[in-house]
Amino acid sequence: MPTLLSTARLLLIGTCLTSAFTMQATADPIATLDQNGSLVAIEPYAPNIVRVTISLDRALADAPPGEGPNAKSDSTGWTHRTDASGDVFASSAMALTVKAQPWPKAPSQMQRYFAPSLPPVSIAVRKPDGSTIAEMTGWEMSPQTVNGEKTFRVGASFAVQPNEHYYGLGQNQEGVLDLKGRTIDCRHNYDAPAGETVCVPFMVTNKGYGIVWDNPSATTVSPGLSNSTHWQSNVGERVSFFVITGNTTDELYAGYAKLTGATPLPPKAAFGLIQSKARYETQAELLGMANGYRKRGLPLDVMVLDWFYWTRMGQLDIDRTYFPDPKGMNDTLKSMGMHSIISVWPRFEKESRYFNFLGTKGWLLKDKDGEVVDGLPIRSDRAGALLDSTNPDARGWFWDRVRDNIASQGFDWFWLDETEPDLVPDGNFFSIGSGDRYHNLYPLVHTNGVAEGSARDRPDFRNLILARAAYLGTQRNGALFWSSDVQANWETLHRQVPAGLGFTASGMAYWSSDTGGWQYPNGPKAEHAPLLDPAGATAMSPSYTDYPELFTRWFAYNSFTPTLRIHGQRPATALWDYGAAAEPVLAGFLKLRYALIPYLYSLGYQTYRTGAPFMRALFMDFPNDPAVATIGDEYMFGPAFLVAPVTEQGVTSRKVYLPAGSDWYDYWTDERHAGGQTIEAAAPIDRIPLFVRAGSIVPMGVQMPSTATKQALETIKVYPGRDASFTLYDDDGVTNGYKKGGGSSAVLRWNDAAKTLTASGPLPTRQAVNTLVKIVAPRQPAAAAR
């Protein structure tokens, strides 16, 4: 059994915790109330954002939030009064009441055994009209020892509003969007049974509020279970959370962005095709893949060099036996209009050049005795020690080595794999404290080191990071996320759709999955005749006859996710490796993706400005339609498109619910359907069910080999049915000028009564609007709704 930490060690952890707090802005509560011994601090950040902290210790109640939130408190416009109901804190957006508590009486016989020891706290949040938004009904602190540290399990409970539904909390791959009635284990867990879980402790509801839970330890959340929503974190000495209110979900995401940081606009190449494989073994193989796309006239923007290009894990080098001229390789890619991404891991083998140096510096994860943790005994690929990126000196050193050893060879961007981290920190220690206390923090600090280093050393080059885990605020580091090393089968594809929608509902706009699945294709025998002849396919074993069909459906789906990346642990991954029948179908979806880049890039710019994701579960845009509250297998992609991926083998149609309040055009046929009904949508293998909301403007570009080529508009499609506007944005795609007002934009406005489209000024392409407009003429549906 592990021994308890020494008193000196406990004091050291206390000092580290204090240091972690001092990195944040000083807390500035508008008031700290004494509720018969429970201390409640109220700290506004905006008219619609307020932080509540509850503790038995005034220093902790008044201390700033932990890592993640980086905004300064701001009580402008807030008032505080005391009346019979309690202490009322009010702004133009909300009123928060800490309810008055009577002086505690002597306990009854029953209460002696069952009454809580903590003085009760009850808090109500209301709209300006007095209607209740949310209500905290109680809090808890249960003493326990975790990783040798005497601490508490802390939590809070909230009332449930009628017909309330819950979304977010990061990535869950169990196949359900609505969190109501479930218990979510909010922790980073690569080995979760349904696929990696990622904890972003931000949950939004359909009742006009969201909760940001300020605790990085493993947290259990039970939304709307047994008529209560219960949050409970494994390590802590206080309860700290933020309430964000809004009349729309976009106001909630704007609040989250204000609190934790804006989502940068990715480089334009990130919206094109990213080609990867586990792995390209040689420089010649990687360049041959790039040439293969160009020879076939297929667009491609980014080539990825995945793991084991190094001589040892932790060398942070490039094996010149197989990659003799990485700088020349990248120069060749650039001459073809392509960029590159390279995988860089935070693990260091004992035999690697930096292991002893890092160990001596104290910059690796340690056990309770202060010894470096070298691997874990639960999976065969866990050799090596973990860089302690909670230490700013360690992560600064890491970026310097990446810059000097790897970026210097012409690589553009970095894939920071294993950001959970894969070496689970529980039972061990970071420099700032217990790995259990900071279980979920690593992806924030690790990506932060590369983001800060890139901003300092490449100030005019736009940053991009691939990461498979996130925490509060990780979006501000320019990270693009994906669902980890998922299986290559139909069940997994089906679960990707709600997993991605839950993740973007957590304030993380850029999410996708490895197209085709990462694990080696080894699915069960097809239940139906495959829709694509597998002849000529080399991406899988001959027995997996429906894999080309699966890959094609997955590629069609990922063509309508924020990023499109092919990856996988299979012998071949390029578009032409799935058979002669699949290749033209895949090429069609790829060209559609590139035609939509003017639309997608403009959406990315709006996300930067507003914080709102553009891959959107239906609850975000149709709050008055109760039928959409639990739909997780279709979604909006920007304001125009409703996407309904096909995730079953052998089917050529699927049911699609069209939300009420709008008419809908079938993108493929221009048939117009009334909203508020379910239809049977045709889904041959070369189509994904795709509908356009009436009253939409969709700019579409000409084909191009990559985003390095300036893209002219081919057409601006207008789908009549209501007045509409769309802000078209463009810039150079690679610099940070957009943050300083660079680039150009024009607001396109459709007047439905006059049937005219106008622009607020010159288009970014300098084309004439009237030569581009195509007004879609609706057709009558060929089949009746069901």
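The side chains of Asp412 and Lys334 meet in a salt bridge with an N to O distance of 3.4 Å, a salt bridge being a side-chain nitrogen of Lys or Arg within 4 Å of a carboxyl oxygen of Asp or Glu. Asp412 lies in the loop between helix 8 (392-405) and strand 22 (413-416), and Lys334 in helix 6, so the pair ties together parts that are 78 residues apart in sequence. Helices (H or I, at least four residues) and strands (E, at least two) are DSSP runs, numbered from the N terminus. The model is predicted: local features need pLDDT of at least 70, and side-chain atom pairs count only at pLDDT 80 or more, whereas totals for chains, interfaces and linings use all residues. Residues are numbered from 1 along each chain as its sequence is written, and side-chain values use heavy atoms, with hydrogens and water left out.

Asp412 has a relative accessibility of 5% and counts as buried, while Lys334, at 39%, counts as partly exposed. Here buried means under 20% relative accessible area, exposed over 50%, and partly exposed in between (1.4 Å probe, protein chains only).

The structure holds 42 salt bridges. Side chains of opposite charge can pair when their charged atoms come close. In the salt bridge of Glu418 with Arg347, the closest N and O atoms are 2.5 Å apart. Glu418 is placed in the loop between strand 22 and strand 23 (429-430) and Arg347 in strand 20 (residues 347-348), so this pair ties together parts that are 71 residues apart in sequence. Glu418 is buried at 2% relative accessibility, and Arg347 is buried with a relative accessible area of 1%. Glu418 and Arg347 belong to a network of salt bridges that also links Glu196, Asp417, Glu420, Asp422, Arg468 and Asp485. A further salt bridge is formed by Lys368 and Asp369, with the closest N and O atoms 3.4 Å apart. Lys368 is partly exposed, its relative accessible area being 31%, and Asp369 is exposed at 55% relative accessibility.

Helix 6 (residues 326-335), which holds Lys334, also packs with another helix. The axes of helix 5 (residues 283-295) and helix 6 come within 11 Å and cross at roughly 0°. That makes helix 5 roughly parallel to helix 6. Axes are lines fitted to C-alpha atoms, for helices over the stretch in contact, and angles run from 0 to 180 degrees between N-to-C directions; angles under 35 degrees count as roughly parallel, over 145 as roughly antiparallel, 65 to 115 as roughly perpendicular and the rest as oblique. Gln283, Leu286, Leu287 and Ala290 in helix 5 are in contact (heavy atoms within 4.5 Å) with Pro326, Met329, Thr332 and Leu333 in helix 6. The residues of this contact comprise six nonpolar, two polar and no charged; Ala, Val, Leu, Ile, Met, Phe, Trp, Tyr, Cys and Pro count as nonpolar, Asp, Glu, Lys and Arg as charged, and the others, Gly among them, as polar.

Three strands form an open sheet in the order 37-38-42, with mixed pairing, where two strands pair if DSSP finds at least two bridges between them. Strand 37 (696-701) and strand 42 (773-775) stand at the edges with a single partner strand each, so one side of each is left without a neighbour in the sheet. On average, and with direction ignored, neighbouring strands of this sheet are turned by 25° against each other. Strand 37 and strand 38 (residues 713-719) run antiparallel and are joined by six bridges. Met700 has Thr715 in strand 38 as its bridge partner. Helix 13 (residues 597-610) lies across strand 37 and strand 38, at about 115° to strand 37.

Several loops have backbone features of note. The peptide bond from Ala278 to Arg279 is cis, with omega near 10°, and Arg279 is located in the loop between strand 17 (273-275) and helix 5. A cis peptide bond also runs from Glu420 to Pro421, with omega near 5°; Pro421 is in the loop between strand 22 and strand 23. Asn36, although not a glycine, has a positive phi of about 60°. Asn36 lies in the loop between strand 1 (31-35) and strand 2 (38-46) and, at 29% relative accessibility, counts as partly exposed. Phe308 has a positive phi near 65°, is found in the loop between strand 18 (302-305) and helix 6, and is partly exposed at 39% relative accessibility.
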